[in-house]
Amino acid sequence: MKKWLISSLLGVTLLGGSLAAMVHFAPEVTVHGAMSFERWRNGLTAKTVEVDGFTWHYLEGGKTGAPTILMVHGFSANKDNWVRFAGRLTSDYHIVIPDLPGYGDSVRDLKGDYRLPEQRERLQVFVKALKIDKLHIIGSSMGGNVSALYTFAEPQRVQSMALVGASGVTEPNPSAHSIQVKTTGNSSLLVATREGYDKTLAFVMEHPPVIPTFVKDVLAQKAIADRPLYASILHELVADKRSALEPILPQIKVPTLLVWGEQDRARDISGGQLMHQLMPHSQWVAMKNTGHLPHLERVDETAEIYVKFLAGVK
């Protein structure tokens, strides 16, 4: 993480102006420039498409004509969570990474319906709008839940499914986050203060990356501003039982990879083990000294696991 931030910020500097001056006078512009550079460095381009009244923002890149991988982000996250991971795959695959409605740059409305069955339906329409006939899908956390719902609905389109710390089943051993939400109604994924942002990073990752203070300041400001929307979405997700995966996982027959961090505090590893029991054909990988976001915390190792899995998909 530290290396990509340094390279990204150097790239912004080369585009013009003093980095120190930009950081002081326009930190948001500097961070946006760094993110744009990082996308470019990993072979991805930002695009939009209008689908049924929604403006979808997404990243696309990789090898033309190659198999497509659809990457689905988690709760309170966005498409950029996948950028570095995707960069390890763009030489051999066509990559598509959307911001789900309610997240990132896509449409955001406090009155919107962002429950997972509705997100699954929207994702189906989005994929059809891009004219993607076949795809591999990988989802993190809430995005894993959406990915499983999508795979169940589109078995002929999905060639493989990978779930990374996915939600969707009742954990035999409730996670710290599940206990927190149930007993207090609060969530460590919702940021209320600048200090709270650091605590959230420490909660979701066993070894949070080193991020320059001014970058964290900008990201924290955005997370704080998003708190009302995400609190509303979380309330909807907890109340909606239609996204439960226990009834459908045994019916999903596509090649499946389950990846979990052994120190995942957001989705306890027992939930992943239950998914594996419900899908005996699935491959199970538990990553030591890793939290909820292996694709951010251990990019190369997680990408290597995924590439090896894809190589075995017939």
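User: What percentage of the contacts in the protein between residues at least 6 apart in sequence join residues at least 24 apart?

Analyst: Contact means heavy atoms within 4.5 Å. In this protein, 73% of those contacts join residues at least 24 apart. This is a predicted model, where local features need pLDDT of at least 70, side-chain atom pairs count only at pLDDT 80 or more, and totals for chains, interfaces and linings use all residues. Residues are numbered from 1 along each chain as its sequence is written, and side-chain values use heavy atoms, with hydrogens and water left out.

User: How many of the 314 residues count as buried?

Analyst: Buried means under 20% relative accessible area, exposed over 50%, and partly exposed in between (1.4 Å probe, protein chains only). Here 54% of the 314 residues are buried.

User: Which residues have the most contacts inside the largest nonpolar core?

Analyst: A nonpolar core is a set of buried Ala, Val, Leu, Ile, Met, Phe, Trp, Tyr and Cys residues joined through side-chain atoms within 4.5 Å. The largest has 62 residues, and Leu-70, Phe-75, Leu-123, Phe-126, Ile-137 and Met-275 have the most contacts inside it. Helix H9, residues 213-239, gives the most to this core: 10 residues. Helices (H or I, at least four residues) and strands (E, at least two) are DSSP runs, numbered from the N terminus.

User: What is Leu-70 in contact with, leaving aside its neighbours within four places in sequence?

Analyst: Its partners include Val-96, Pro-98, Leu-123, Phe-126 and Ile-137.

User: How many helices and strands does the protein have?

Analyst: The protein has 12 helices and 8 strands.
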